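Work through the following exercises with the structure open beside the text. Each task is followed by a solution that goes step by step.

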Amino acid sequence: MRKKADLPSKTCASCGRPMVWRKAWEKVWHEVKYCSDACRKGKAGRSAAPRSDQAAPTALASLPKV
Ligand SMILES: [Zn+2]
């Protein structure tokens, strides 16, 4: 039996936030460098985009959609 705590993790190369392994990244985990599309595009969100709600990091995608 494996614990969920065994999931690997890495740090976003753009914003530096920790990312935890996700099933969606199963086959590309070694390629994953950024936590979100915004980071992948080089926009770490530090520019204080007022519409940050639309640029939700991938890490929040697991939250239930209302
Ligand atoms: Zn990031």
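**Exercise 1: The metal site**

Task: Determine the geometry of the site of the zinc ion in this predicted model, and identify the protein donors.

Solution: Begin with the angles: among the four donor atoms of the zinc ion they run from 102 to 118°. Four donors count as tetrahedral if all angles lie between 85 and 135 degrees, and the site of the zinc ion is accordingly tetrahedral. Next, identify the donors, which are the SG atoms of Cys12, Cys15, Cys35 and Cys39, lying 2.2 to 2.3 Å from the zinc ion. Finally, read these donors along the chain, where they follow the spacing C-x2-C-x19-C-x3-C.

Cysteine 12 lies in the loop between β1 and β2, whereas cysteine 35 lies in the loop between β2 and α1, so the pair ties together parts that are 23 residues apart in sequence.

**Exercise 2: Elements and confidence**

Task: Give the order of the elements of the protein from the N terminus on, and state where among them confidence is lowest and where it is highest.

Solution: First count the elements, which are one helix and two strands; from the N terminus on, they run β-β-α. Then turn to confidence, which is lowest in helix α1 (residues 37-40), at a mean pLDDT of 91, and highest in strand β1 (residues 9-11), at 95. For the protein as a whole, the mean pLDDT is 77, and 61% of the residues reach 70 or more.

**Exercise 3: Buried or exposed?**

Task: Classify cysteine 12, cysteine 35, glycine 16 and alanine 38 by relative accessible area.

Solution: The step needs a cut-off, namely that buried means under 20% relative accessible area and exposed over 50%, with partly exposed in between. Cysteine 12, at 4% relative accessibility, counts as buried, and cysteine 35, at 3%, counts as buried as well. Glycine 16, in the loop between β1 and β2, has a relative accessible area of 41% and is therefore partly exposed. Alanine 38, found in helix α1, is partly exposed because its relative accessible area is 23%.

**Exercise 4: The aromatic pair**

Task: Find which residues form the aromatic pair, and describe how their rings are arranged.

Solution: The count comes to one aromatic pair. The partners are tryptophan 25 and tryptophan 29, with 5.9 Å from centre to centre and 25° between the planes, and the pair is stacked.

**Exercise 5: Apart in sequence, and in space**

Task: Work out how far alanine 13 is from cysteine 35, serine 14 from alanine 38 and lysine 33 from glycine 16, both along the chain and between C-alpha atoms.

Solution: Take cysteine 35 and alanine 13 to begin with, which are 22 residues apart in sequence and 8.2 Å apart in space, C-alpha to C-alpha. For alanine 38 and serine 14, the separation along the chain is 24 residues and that between the C-alpha atoms is 9.1 Å. Glycine 16 and lysine 33, 17 residues apart along the chain, have C-alpha atoms separated by 9.9 Å. To finish, consider the contacts in the protein with a separation of 6 or more, 21% of which are accounted for by residues 24 or more positions apart.

How values were computed. Residues numbered from 1 in each chain as written. Predicted model: local features only at pLDDT ≥ 70, side-chain atom pairs only at ≥ 80, totals over all residues. Heavy atoms only, no water. pLDDT = per-residue confidence, 0-100. Helix = DSSP H or I, 4+ residues; strand = E, 2+ residues; numbered from the N terminus. Donors = N, O, S within 2.8 Å, 3.2 Å for Na, K, Ca; no water. Tetrahedral: all angles 85-135°; square planar, octahedral: opposite > 155°, others 65-115°. Buried < 20%, exposed > 50% of the residue type's maximum accessible area, 1.4 Å probe, protein only. Contact = heavy atoms within 4.5 Å. Phe/Tyr/Trp six-rings, centres within 6.5 Å; stacked < 30°, edge-to-face > 60°.
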